[in-house]
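User: Can you walk me through this model? I will ask as we go.

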Amino acid sequence: MFMIRRIHDDILPVNKKALQQVKLILKQQFPDLRSIDVDKIPAMLSNPLKHRFRSILYVAEDGRGQVKGFALLSYEPELKFCFLDYISASVQLEGSGIGGVLYEWIRTEAQDLDVTGMFYECLPDDPNLCRDRKWIRQNRQRLKFYERYGARPVTNTAYETPLTLNDDCPPYLVFDGLELGKKLSARNVRKIVRAILERKYGDRCPPSYVDMVVGSFQDDPVRLRDPRYIRGKDGQQLSERKRTNKIALVVNDRHEIHHVRERGYVESPVRIHAILKELDQTKLFARINPKRFPQRMITDVHDKAFVKYFKNMSLSLEGDISIYPYVFPIRNTARPPEVLAVRAGYYCIDTFTPLNRNAYLAARRGVDCTLTAAQALLEGYHLSYALVRPPGHHAEQRSFGGFCYFNNAAVAAHYLSKYGRIAILDIDHHHGNGQQQIFYERDDVLTVSIHGHPRFAYPYFSGFDDEKGSGPGNGFNRNYPLPETITPRQYIQTCEKALKHISVFDPAYLIVCFGLDTARGDPTGTWSLRANDFEKVGMLIGRTKMPLLVVQEGGYNTRSIGINARHFFIGLYENMFTYELNSTAIQSQKKKSRV
Ligand SMILES: [Zn+2]
């Protein structure tokens, strides 16, 4: 199993390690490559101005960070084209299909950019150009593979003119139109070819050679060679891979088992149905199936003894029997009550969140769903949504409560923090005490929360504006407690402030704890946001252009949560996807501002 993720820099240790492996693959697979070309890859990623291309490295790696293959894609926003510099599997995995998976991935990435298509070089399959038969056989296989996507060499030009008389196997220039149906005019392609030759091969191609090749592109529109290997279908085989400009949606498929039928337990299965019904009316989402992740990812942020207790206690209960915490040993924490049912209060902050078998199973699945959605960001989605229940933002390192058991967003934040700095913005009506406490001493995860003031709103004991973090985390927690009655305008202004604060921190990923209980008529809230206010909030978040994971938290007015969620995502989507590749993600690792 492997996943594909983007690498924008060589600063994070995890990226450094991947880059070293990429260099090794390059040296093994392309022994003729000059080491200067291999060594410049990190600089290509970090310095788009110098190289005049925005380059992104995609690595296919397994769970242990072993790189199994990679592709390097360069994007030229002015001339609107992509150039695929390299694509390769590691030596051991040649023929395993990794190259094919990577190629499809790159295509969908390129499709999301505003380009005419993607160019790359491929060695020729013509015996007149290539003397070595073994090579010809390989080149035929490659060109046949590309033909399945409608990608073929540009024909009737001098591109494959050897640089010197002894050069064998001069490459074709292949064009993949990415099924975008855009015409390639001679005028444009001349500029593109000049950019490729001068910027990529400037130190090897003399100006007279460049002029000669560029001048040979006379056909208008440019002609591609007739299909040679896949006839009758015009070489087109549509890729079925996802489009990354959709919102990756992961829904907790096991949430329904968790149904507490006590009066007033408003955290019920109908919430998810109400939201999904409205989201299904849009075409913004691509559903992804939840994957299973190891328990250690939970114990990375939650206390081991708490996780063990929650799991064992819950699974020991039959059917829908629930245990409610009723004894709260607030002192002598070294002595947890020995009777397991009594011990519930040792790990809980209130009396209304029960332990039962299904609560555990649903909460465990909720974490898997949230991690799946987080992983989708590493794989190239810009936006993902974990539609889960039970919610998580009240769960602290060693306690549950407020309908929450595991802190989904915090588990995802810790996981993503390996790949860059994280900001969590909690917009639930209630303070996100869970992630605040979990990351209180860390400076790589900024926690921000906008909520009802704790003097009147749950959880009553935290969410004050003087809680700013401690130790290295001092300055990396920010609370915006608001009065019991506010206008939507006040709320939106507070969102603007919070987002400005987050922009200064400049995270690689933003996680939004998405509560809909700020809405008018919510049984647990006191505010009165309507659908168009949610759209504005989405719009503000979308404008940050940050790769974003939205995690579902509260929201209990089942008549309006779906409509409000739909408006939120429309606002978000419309403002998010006018993004450019040089957005925050590229620079995010360079600044180390303290906020
Ligand atoms: Zn809430």
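Analyst: What follows covers the zinc site, the sheets, a helix pair and some backbone details.

User: What should I know about the model before we start?

Analyst: This is a predicted model, in which local features need pLDDT of at least 70 and side-chain atom pairs count only at pLDDT 80 or more, while totals for chains, interfaces and linings use all residues. Residues are numbered from 1 along each chain as its sequence is written, and side-chain values use heavy atoms, with hydrogens and water left out.

User: OK. Which residues are the protein donors of the zinc ion?

Analyst: Asp428 (OD), His430 (ND1) and Asp517 (OD), lying 1.9 to 2.1 Å from the zinc ion. Donors are N, O and S atoms within 2.8 Å of the metal (3.2 Å for Na, K and Ca); water is not among the atoms, so sites may look incomplete.

User: How are the donor residues spaced in sequence?

Analyst: The pattern is D-x1-H-x86-D. Asp428 sits in the loop between β11 (422-426) and α15 (433-438), and Asp517 in the loop between β14 (509-514) and α17 (531-543), so this pair ties together parts that are 89 residues apart in sequence. Helices (H or I, at least four residues) and strands (E, at least two) are DSSP runs, numbered from the N terminus.

User: Are Asp428 and Asp517 buried or exposed?

Analyst: Both Asp428 and Asp517 are buried. Buried means under 20% relative accessible area, exposed over 50%, and partly exposed in between (1.4 Å probe, protein chains only).

User: Switching to sheets. What is the strand order in the open sheet of seven strands?

Analyst: The order is β1-β2-β3-β4-β5-β7-β6, with mixed pairing. Strands β1 (3-7) and β6 (152-153) stand at the edges with a single partner strand each, so one side of each has no neighbour in the sheet. Two strands pair if DSSP finds at least two bridges between them.

User: How many bridges do β4 and β5 have?

Analyst: Two bridges, in the parallel sense, between β4 (residues 81-89) and β5 (residues 118-122). Phe83 is opposite Phe119 in β5.

User: And which helices pack on it?

Analyst: Among them is α1 (residues 13-29), which touches β1, β2 (54-61), β3 (67-76) and β4, and its direction makes about 95° with that of β3. Helix α7 (residues 186-201) lies across β3, β4, β5 and β7 (172-176), at about 50° to β4. Contact means heavy atoms within 4.5 Å. Axes are lines fitted to C-alpha atoms, for helices over the stretch in contact, and angles run from 0 to 180 degrees between N-to-C directions.

User: At what angle do α11 and α13 pack?

Analyst: About 135°, with the axes of α11 (residues 304-315) and α13 (residues 357-378) 7 Å apart. That makes α11 oblique to α13. Angles under 35 degrees count as roughly parallel, over 145 as roughly antiparallel, 65 to 115 as roughly perpendicular and the rest as oblique.

User: Which residues meet there?

Analyst: From α11, Phe310, Lys311, Ser314 and Leu315; from α13, Arg357, Ala359, Tyr360, Leu361 and Ala363.

User: Now β10. How many of its residues are buried?

Analyst: Five of the five residues in β10 (residues 383-387) are buried. Leu383, Tyr385 and Leu387 point one way, and Ser384 and Ala386 the other way.

User: Which strands does β10 run parallel to?

Analyst: Strand β8 (residues 247-251) is joined to β10 by four bridges and runs parallel to it, with Leu249 opposite Tyr385. Strand β15 (residues 548-552) is also parallel to β10 through four bridges, and Leu383 stands opposite Leu548 in β15.

User: What does Arg254 touch?

Analyst: Ala362 and Arg365, not counting residues up to four places away in sequence. The C-alpha atoms of Arg254 and Ala362 are separated by 5.7 Å, although the two are 108 residues apart along the chain. Arg254 lies in the loop between β8 and α9 (270-279) and counts as partly exposed, at 42% relative accessibility.

User: Last topic, backbone. Where are the cis peptide bonds?

Analyst: One is from Arg389 to Pro390, with omega near 0°; Pro390 lies in the loop between β10 and α14 (408-416). Another joins Tyr458 and Pro459, with omega about 5°, and Pro459 is in the loop between β12 (445-452) and β13 (477-482).

User: What is phi at Asn156?

Analyst: Near 65°, a positive value in a residue other than glycine. Asn156 is partly exposed, with a relative accessible area of 49%.
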